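Open the model in your viewer and keep the selection panel at hand. Each stop below says what to select and what is there.

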Amino acid sequence: MPSWVLKVNARFEAAHHLTAYQGVPEPVHGHTWRVEAALEAAALDGEGMGFDFVAVKTALGELAARFDHRDVNTIPPFDHLSPTTERLAAWFYDELLRRLPGANLAEVTVWEGPDCSATYRP
């Protein structure tokens with residue numbers, strides 16, 4: 001049986017620091033972050049779409065904008081949680097699912113620069 005995986009990306013520039021990296025706070029530093037949401041579709045609608053890219057892109061862009069050109073450590077819940085890439089991936093997943101309740105969201109990957117990422121799958 002065929003299926004489709006739809007992927008939508010957003011980017012933001014932000015600083016952060018881990019609060020207890022190897023036992024001590026690490027220096028504040030910045031990244032070019034990329035967030036990728038993957039949705040699964042078992043069927044297409046009458047238009048031939050598995051899910052509306054515009055809806056996903058809008059929701060993901062609004063979430064990413066919360067962090068753009070800011071310090072992630074100052075934005076809840078990361079003002080009291082160390083903002084690891086893993087935690088950011090889970091946060092984006094949960095928030096995106098709240099905004100797109102009909103979506104079959106499979107996973108969210110957050111890239112901390114071009115070579116390192118974390119993927120959250122519930």
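The tour goes from the whole chain to the sheet, then to single residues.

**Before you start**

This is a predicted model: local features need pLDDT of at least 70, side-chain atom pairs count only at pLDDT 80 or more, and totals for chains, interfaces and linings use all residues. Residues are numbered from 1 along each chain as its sequence is written, and side-chain values use heavy atoms, with hydrogens and water left out.

**Stop 1: the whole protein**

Show the cartoon. The protein has two helices and five strands. Helices (H or I, at least four residues) and strands (E, at least two) are DSSP runs, numbered from the N terminus. Read from the N terminus, the order is β-β-α-β-α-β-β. The C-alpha trace spans about 55 × 25 × 25 Å along its principal axes.

The accessible surface is about 6,900 Å², computed by the Shrake-Rupley method with a 1.4 Å probe; for residues, only the protein chains shown count as cover. Carbon and sulfur atoms hold 54% of that surface. Of the 122 residues, 39% are buried. Buried means under 20% relative accessible area, exposed over 50%, and partly exposed in between (1.4 Å probe, protein chains only).

A contact here means heavy atoms within 4.5 Å.

Colour by charge. There are 10 positive and 17 negative side chains, and the centres of the two sets lie 1 Å apart. Lys and Arg count as positive, Asp and Glu as negative; His and the chain ends are not counted. Each charge is placed at NZ of Lys, CZ of Arg, CG of Asp or CD of Glu.

**Stop 2: the sheet**

Select the strands. The five form an open sheet in the order β3-β1-β2-β4-β5, with mixed pairing. β3 (70–71) and β5 (117–120) stand at the edges with a single partner strand each, so one side of each is left without a neighbour in the sheet. Two strands pair if DSSP finds at least two bridges between them.

Now select 4–16 and 29–41. These are β1 and β2, antiparallel over 13 bridges. Look for A10, which stands opposite V35 in β2.

β2 and β4 pair in the antiparallel sense over seven bridges. L39 stands opposite L105. R34 stands opposite W111. W33 has E112 as its bridge partner.

β4 and β5 are antiparallel over four bridges, and V108 is bridged to Y120. The two strands form a hairpin with four residues between them. In the turn, select G113: its phi is positive, about 90 degrees.

**Stop 3: T109**

Is T109 buried or exposed? Its relative accessibility is 5%, so T109 counts as buried. The T109 side chain makes a polar contact with the side chain of T119 at 2.7 Å. A polar contact is a pair of N or O atoms within 3.5 Å; within protein, one must be able to donate a hydrogen and the other to accept it, and residues adjacent in sequence count only if both atoms are side-chain atoms. Leaving aside neighbours within four places in sequence, T109 touches R34, V35, E36, S117, A118 and T119.

**Stop 4: the loop between β3 and α2**

Select N73, in the loop between β3 and α2 (85–99). N73 counts as buried because its relative accessibility is 10%. A polar atom of the N73 side chain lies 2.9 Å from the backbone nitrogen of H17. Beyond four places in sequence, N73 is in contact with H16, H17, T19, F78, D79 and P83.

The peptide bond from P76 to P77 is cis, with omega near 5 degrees.

**Stop 5**

Most residues other than glycine have a negative phi, and most peptide bonds are trans.

Select Q22, in the loop between β1 and β2. Q22 is not a glycine, yet its phi is positive, about 50 degrees. Q22 is exposed, with a relative accessible area of 70%.

Finish at H69, in the loop between α1 (53–65) and β3. Phi of H69 is positive, near 55 degrees. H69 counts as exposed at 64% relative accessibility.
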